[in-house]
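Please look at the sequence and the 3D structure shown here.

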Amino acid sequence: LEATVLGPGAHPSSFRVRSEIGDIEVQSDDALQRDDRVILSVRPEDVELAETRPESGIVLEGRVDQKVFLGECVDFQVKLGERVLLSRRHPSLRTPIGNPIYVALHSDKCMAFKAD
């Protein structure tokens, strides 16, 4: 996911960025400046999903696009506009394909890397 740096975030090593899924705060080990282009990364294990709106984190609304049962977990593909995020969840989450779902991202789990 590509984004543009808006400025420093609320904590050391954090930055506010604008992406196609919205404005979010992310972490980076790179020395980023305003208007730098970055690539955002979040591990599927850190993309939380819920059928009811979560109380914390960066909350987005999406739709379950695909899912694959892997035994101890289910890999979800959630569509946010034209973008698809991957999430690895416990099989107890049974949201059907095509249904709406909430996505919660936490700033400390979202990383930004210079796009150069």
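## Strand E7 and its partners

Asp75 stands opposite Arg88 in E8, and the strands E7 and E8, which run antiparallel, are joined by 7 bridges; two strands are said to pair if DSSP finds at least two bridges between them. Helices (H or I, at least four residues) and strands (E, at least two) are DSSP runs, numbered from the N terminus. This is a predicted model, in which local features need pLDDT of at least 70 and side-chain atom pairs count only at pLDDT 80 or more, whereas totals for chains, interfaces and linings use all residues. Residues are numbered from 1 along each chain as its sequence is written, and side-chain values use heavy atoms, with hydrogens and water left out.

E7 and E8 form a hairpin with 2 residues between them, and Gly81 in that turn has a positive phi of about 65 degrees. E7 also runs antiparallel to E6, to which it is joined by 6 bridges, with Val64 standing opposite Val78 in E7. The hairpin of E6 and E7 has 4 residues between the strands, and its turn includes Gly71, with a positive phi of about 95 degrees.

## Two faces of one strand

In a regular strand the side chains alternate between the two faces of the sheet. Buried here means under 20% relative accessible area, exposed means over 50%, and partly exposed lies in between (1.4 Å probe, protein chains only).

## Salt bridges

Side chains of opposite charge can pair when their charged atoms come close. With a salt bridge defined as a side-chain nitrogen of Lys or Arg within 4 Å of a carboxyl oxygen of Asp or Glu, a search of the whole structure finds 6 of them. One of these joins the side chains of Asp75 and Arg88 (2.7 Å, N to O). Asp75 lies in strand E7 (residues 74–80) and Arg88 in strand E8, so this pair ties together parts that are 13 residues apart in sequence. Asp75 is partly exposed at 24% relative accessibility, as is Arg88 at 32%, and both belong to a network of salt bridges that also links Arg43 and Glu45.

Another salt bridge is formed by the side chains of Arg83 and Glu20 (3.2 Å, N to O). This pair links distant parts of the chain, 63 residues apart, with Arg83 in strand E8 (residues 83–89) and Glu20 in the loop between E2 and strand E3 (22–27).

## The nonpolar core

In soluble globular proteins, nonpolar side chains tend to be buried together. A nonpolar core is a set of buried Ala, Val, Leu, Ile, Met, Phe, Trp, Tyr and Cys residues joined through side-chain atoms within 4.5 Å. The largest such core has 27 residues, and those with the most contacts inside it are Val17, Val38, Leu40, Leu49, Val103 and Leu105. Its largest share, 4 residues, comes from E7.

## A buried serine

Ser14 is found in strand E2 (residues 14–19) and is buried, with a relative accessible area of 2%. The side chain of Ser14 reaches the backbone nitrogen of Ala10 at 3.4 Å. Leaving out residues up to four places away in sequence, Ser14 touches Pro8, Gly9, Glu25, Val26 and Gln27, where contact means heavy atoms within 4.5 Å.

Definitions and conventions
A polar contact is a pair of N or O atoms within 3.5 Å; within protein, one must be able to donate a hydrogen and the other to accept it, and residues adjacent in sequence count only if both atoms are side-chain atoms.
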